[in-house]
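Here is a briefing on one protein chain, arranged by topic. Keep the structure open while reading.

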Amino acid sequence: MADVICGGWSETKTADEQIQKICDNVKNQVEKETHENYVEFHAVEYRSQVVAGANYLIKFFVTSMCVHVGGTSYLHLMVWQRLPCDGGQDALTGVQQHHHKDDPLVPF
């Protein structure tokens, strides 16, 4: 975490198992927010921010139960991971739909 400044966002990184686990933890919240049921829900890349816990801005490749003709859909999610002393849960704090593969991860 040498590139992380407290309160600042990291550079964009390739998602790993830890980030996918966070995504899996908030999948139901995302489906409720977007009114979609996702067949595929894969983290692609992310940025992180150290706060009282950690914020994650994560790009996802998604496929819903409805077939979308003519392209791939990406979501950008904001997730807050509480400190262990506060329970350590992952909470969805924002969703942006209709992104493309090359859209940059910009805090919202």
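**Briefing**

Tyr-56 counts as buried, because its relative accessibility is 8% and the cut-off for buried is under 20%. The model is predicted. Its protein chain has 108 residues, and 38% of them count as buried.

**Fold and surface**

- The protein chain contains one helix and five strands.
- Read from the N terminus, the order of elements is β-α-β-β-β-β.
- Among contacts with a separation of 6 or more, 56% join residues 24 or more positions apart.
- The protein chain exposes about 6,500 Å². Carbon and sulfur atoms supply 52% of that area.

**Confidence**

- The average pLDDT of the protein chain is 84. A score of at least 70 is reached by 85% of the residues.
- Strand S1 (residues 13–14) has the highest mean pLDDT among the elements, at 95.
- Strand S3 (residues 53–64) has the lowest mean among the elements, at 83.
- Where pLDDT is low, the predicted coordinates should not be read in detail.

**Aromatic pairs**

- The structure holds four aromatic pairs.
- Phe-41 and Phe-60 make a stacked pair, with 4.5 Å from centre to centre and 25° between the planes.
- This pair links distant parts of the chain. Phe-41 sits in strand S2 (residues 38–51) and Phe-60 in strand S3, 19 residues apart.
- Both Phe-41 and Phe-60 are buried.
- Tyr-46 and Tyr-56 make a tilted pair, with 6.3 Å between centres and 50° between planes.
- Tyr-46 belongs to strand S2 and Tyr-56 to strand S3, so this pair ties together parts that are ten residues apart in sequence.
- Tyr-46 has a relative accessibility of 10% and counts as buried.
- Ring pairs also join Tyr-38, Phe-41 and Phe-60 into a cluster.

**Nonpolar core**

- The largest nonpolar core has 19 residues.
- Which residues have the most contacts inside this core? They are Ile-19, Phe-41, Ile-58, Phe-60 and Leu-77.
- H1, S2, S3 and strand S4 (73–81) each supply at least two residues of the core.
- Phe-60 belongs to the ring cluster and is listed with the most-contacted core residues.
- Leaving aside residues up to four places away in sequence, Phe-60 touches Cys-23, Phe-41, His-42, Ala-43, Val-44, Ser-73, Tyr-74, Leu-75 and Leu-77.

**Salt bridges**

- How many salt bridges does a search of the whole structure find? The search finds two.
- Side chains of opposite charge can pair when their charged atoms come close.
- Glu-31 forms a salt bridge with Lys-27, and their closest N and O atoms are 3.8 Å apart.
- Glu-31 and Lys-27 are four residues apart in helix H1 (residues 17–34), so about one helical turn separates them.
- Glu-31 is buried, at a relative accessible area of 14%. Lys-27 is partly exposed, at 23%.
- Lys-59 and Glu-45 meet through their side chains in a salt bridge, at 3.1 Å from N to O.
- That pair links distant parts of the chain, with Lys-59 in strand S3 and Glu-45 in strand S2, 14 residues apart.
- Is Lys-59 buried or exposed? Lys-59 counts as buried, because its relative accessibility is 1% and buried means under 20%.
- Glu-45 is partly exposed, with a relative accessible area of 22%.

**Positive phi angles**

- His-35 has a phi near 60°, which is a positive value in a residue other than glycine.
- The loop between H1 and S2 holds His-35.
- His-35 is exposed, with a relative accessible area of 71%.
- His-98 has a phi near 65°, again a positive value in a residue other than glycine.
- Where is His-98 found? His-98 is in strand S5 (residues 90–99).
- His-98 is exposed, with a relative accessible area of 66%.

Conventions: Residues are numbered from 1 along each chain as its sequence is written. This is a predicted model: local features need pLDDT of at least 70, side-chain atom pairs count only at pLDDT 80 or more; totals for chains, interfaces and linings use all residues. Side-chain values use heavy atoms; hydrogens and water are left out. Buried means under 20% relative accessible area, exposed over 50%, partly exposed in between (1.4 Å probe, protein chains only). Contact means heavy atoms within 4.5 Å. Accessible areas come from the Shrake-Rupley method with a 1.4 Å probe; for residues, only the protein chains shown count as cover. pLDDT is the predictor's confidence in each residue, from 0 to 100. Rings of Phe, Tyr and Trp (its six-membered ring) pair if their centres lie within 6.5 Å; planes under 30 degrees apart count as stacked, over 60 as edge-to-face and the rest as tilted. A salt bridge is a side-chain nitrogen of Lys or Arg within 4 Å of a carboxyl oxygen of Asp or Glu. A nonpolar core is a set of buried Ala, Val, Leu, Ile, Met, Phe, Trp, Tyr and Cys residues joined through side-chain atoms within 4.5 Å.
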